[in-house]
Amino acid sequence: MENPYVPYKAQIVEVKDEVKGVRPIKTFRIKLVDRERFDYKSGQGCLVSVFGRGESWFTIANSPTRPDLEFSVLKTGKVTAKLHEMKAGDIVGIRGPLGRAFPLDEWKGMNIVTIGGGIGQTPLRAIYQYVIDNEKDYGDLTIIYGARTSRDLVYKDELFKLIEEGYNVQLSIDNPEKDWKYFVGFVPDNVKRIKPDPKNTIAITCGPPIMIKITLNVLKELGFKEEQIYTTLERRMKCGLGKCGKCRIESYYVCKDGPVFNYAELSAMLEKV
Amino acid sequence: MIYEGDFLRDAISNLLAAGYRVFAPVKVGDFHIFREISSANEADFNYILPRNSAKVALFPQNEVLIEYGEWIEKIPIDKKKIAVVGIRACDAKAIKLLDKHFLEGFVDPYYKARREELLTIAIACDNASINCFCQSFGINPRKPEADVVVSNIDGKVFVSANSEAGKAFVREFKLRGESEEESMIRERFENEKIEMRKIDVDVEKLKKSFDSPYWKEVATNCKSCGLCTYLCPTCFCFDIYDEGERRGVRIRAWDSCQFPLHTLESSSHNPRSEKWQRLRNRFYDKFYYTLRKGDYYCVGCGRCIDYCPAGIDIVNVISGVR
């Protein structure tokens, strides 16, 4: 990146409706125009640029072992509203890959538990896809994921297919629904029920702040040490380069030094996340 | 070396003739501001400290990053040479701190283009303003770290060049060598402390006081106006936004950690929604967070004290942490 503020030209190749309704989520599959995809690692993000509206940070939703770049976008502001109007063939800008990734190489030989809530499943998907594609390098994989209702679950088709294939996927919704075969209750309660074994295990959690907070307590009760727990943080971001100061916590820029943090790093900070 | 004449004004004339963009203090009403000038007559050097800092020359309040239509049309990086004339030791040190921020890690190409072509001409202080405290940070106000330094001592104009660029620049001036006595006078001048305020930074105490109710007290009268951050020569936060839906410009503009919108996320979560959290952030940023990278991001210029509408005084706040 000669000028890191200038995006690569990219084209939307597919748009998938994940969630409909008042808080819609779409997943965009994007290809760079006139160049190969850059190397990246699970957990890194990009700034997606729509000229006239601005830029927004999204974690890359697919593992680098899969083709193209995927971003799951909750319609919530100026940029995301415009993105939700866009179709296959439309042009966007991409700046990335940005930030610190999950240390998946360090986790080789270990069991992986992902604990997600709502659209917080996005970075976790980049992990479980990677672990599935490199199955022999890792121990057991447990995917724990929940949303408010069954309609709010993202990557439904993929997750149900994984269940069919025999993967350990534990879904939940907050309130009972007709025909729902899985757990009913909050995500941390599902973790409490499943009781993942902390031995030789890494737990990664991402979701609404309150879910993360309670999940951390549950994991600690189960015997997980802070060093075994990872999360990825959300902050307002503009430059993505550790310059504009918006995403800063202490001396860390979430865009550059994060968004992936170990829980031990977070609890050493004065400013609590 | 000694110059017989008005060095600063002659320097500006030379710089303008050589095609430099020149930033110098201009008298506006009863105060001075740094701004771009087009003739040496516009500058006025009768001040202790201009109201704003010289950071405007390197990091303008607004600048266009990208011009776009359907796609990117132009990336306007200005390669014109820049000179800042008449800065003090505090602002000279602040430029070094901005360098660290903008040039380490990802290199900011807009800042770099200006910085590479920057010539700094400083004036040594011979007294302090009521809120100066630069000496607390080991800055010598009588010996600024700049390419060229001008010291007015006993009616004589002493000029020293401290870099290759500075040496090349002063070569065009008729400077005479100093007599032994003049050198002694200059050295005595440079080594004499100036009477000024002192700040007492206790990092350990800061670490322990993060959750203290002190910060709410300090922020009682704060207006969250962000003036402190705008006048601060080391504050660097900015926003990026697009102007124009189909055709327009992507702009970077100064932002402030004192504004609630600075950190407001689209989910409506705001990590620093209270004004005392934002004010505390500024003080910890200056004296603790940036310290992990080796520096306090305060140079003791005192501007934030001079102009705070709520009378918040960084020296008292930091010295009185509990």
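1. Domain bounds, as used here, come from an automatic or database domain assignment. For chain B, that assignment gives domain 1 (2-191) and domain 2 (203-319). Please keep in mind that this is a predicted model, in which local features need pLDDT of at least 70, side-chain atom pairs count only at pLDDT 80 or more, and totals for chains, interfaces and linings use all residues. Residues are numbered from 1 along each chain as its sequence is written, while chains are lettered from A and ligands numbered from 1 in the order in which they are written.

2. The centres of domain 1 and domain 2 of chain B, taken over C-alpha atoms, are 26 Å apart. Their contact (C-beta atoms, placed from the backbone, within 7 Å) takes 29 residues from domain 1 of chain B and 24 residues from domain 2 of chain B. On the domain 1 side, S4 and helix H3 (89-103) of chain B each supply at least two residues. Helices (H or I, at least four residues) and strands (E, at least two) are DSSP runs, numbered from the N terminus.

3. Between the chains, 37 residues of chain B are in contact with 28 residues of chain A. Strand S4 (62-68) and strand S11 (238-243) are the elements of chain B that give two or more residues to its side, and S11(B) has the largest share, five residues. By class, this side of chain B has 19 nonpolar, nine polar and nine charged residues. Here Ala, Val, Leu, Ile, Met, Phe, Trp, Tyr, Cys and Pro count as nonpolar, Asp, Glu, Lys and Arg as charged, and the others, Gly among them, as polar.

4. Now to a sheet in chain A. This open sheet of seven strands has mixed pairing and the order S10-S9-S8-S7-S11-S12-S15, where two strands pair if DSSP finds at least two bridges between them. Its edge strands are S10 (183-184) and S15 (260-262) of chain A. Strand S9 (residues 168-173) of chain A pairs with S10(A) in the parallel sense over two bridges, and Ser172(A) has Phe183(A) in S10(A) as its bridge partner.

5. Two helices of chain A deserve a look together. H4(A) and helix H5 (residues 209-221) of chain A pack at an angle of about 20°, with axes 8 Å apart; axes are lines fitted to C-alpha atoms, for helices over the stretch in contact, and angles run from 0 to 180 degrees between N-to-C directions. The two helices, H4(A) and H5(A), are therefore roughly parallel to each other (angles under 35 degrees). Val187(A), Pro188(A), Val191(A) and Lys192(A) in H4(A) meet Met211(A), Ile214(A), Thr215(A) and Val218(A) in H5(A).

Methods
Two residues are in contact if their C-beta atoms, placed from the backbone, lie within 7 Å. Angles under 35 degrees count as roughly parallel, over 145 as roughly antiparallel, 65 to 115 as roughly perpendicular and the rest as oblique.
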